[in-house]
Amino acid sequence: MAAAMAIGIGGAAAGPLPDTENGRYTLSPVNDGIIRLDTRTGEVSTCNNNGNGWACYAVPDERAALDAEIGRLQADNEKLKTELEKLKTQLAERDATVTGKIDEPLPKGDPLNKPEPKVAEGGRKIEIPRIEIPLPSDRDMDRAMTFLEQAWRRLVEMANRVQKDVNGRI
């Protein structure tokens with residue numbers, strides 16, 4: 001107690017220092033009061049003498065918040081794992097109940113089998129490349145139409161502004 005007063009804690013003489021309860025608490029002086037460590041629970045508090053006596057307030061423990069978040073995430077992870085296993089089981093049951101299903105793939109045309117090239121004059125063969133162009137989806141078409149509508153509206157607005165400017169100056 002004398003060491004805390006010797007360091008110069010403001011107003012320490014106005015009231016008694018916090019009790020250490022038979023060694024349960026470890027006190028360390030700081031500029032504006034004392035830091036108190038509870039050696040049984042690990043809780044840290046800041047203690048100040050506000051003129052009406054000493055008051056200690058618990059310092060927020062970030063570790064407790066982290067542990068709570070880790071626990072929540074672990075529970076979510078376990079829940080998702082069980083849900084995934086349930087879905088895998090349902091999918092396997094559904095696949096087992098499909099009738100007429102075969103394990104071998106269906107035969108497809110040979111993509112490397114090219115049609116016979118056309119023969120030009122002089123006996124030379126002309127090979128015509130085959131081009132496949134995928135068609136746009138309905139969503140792509142809607143986006144293109146929206147873009148064109150906006151561009152058209154802006155063009156009409158710009159023409160109206162130009163016409164107003166020309167009419168106003170004449």
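In which strand is Gly 33 found? Gly 33 belongs to strand β2, which covers residues 33–38; strands (E, at least two residues) and helices (H or I, at least four) are DSSP runs, numbered from the N terminus. The model is predicted, so that local features need pLDDT of at least 70 and side-chain atom pairs count only at pLDDT 80 or more, while totals for chains, interfaces and linings use all residues. Residues are numbered from 1 along each chain as its sequence is written, and side-chain values use heavy atoms, with hydrogens and water left out.

Strand β2 pairs with β1 (residues 25–30) in an antiparallel manner through six bridges; two strands pair if DSSP finds at least two bridges between them. A hairpin of two residues connects β1 to β2, and Val 30 lies opposite Gly 33.

Strand β2 is also joined to β3 (residues 44–49), again antiparallel, by four bridges. Here Ile 34 faces Cys 47 of β3. The hairpin of β2 and β3 has five residues between the strands, and in it Gly 42 adopts a positive phi near 85 degrees.

Gly 33 and Asn 48 are 15 residues apart along the chain, yet their C-alpha atoms are separated by 4.7 Å. Gly 33 is buried, because its relative accessible area is 1% (buried means under 20%, exposed over 50%, partly exposed in between, with a 1.4 Å probe and protein chains only).

Attention now turns to a helix. Met 158 is located in helix α3, residues 138–169. With a relative accessible area of 43%, Met 158 is partly exposed.
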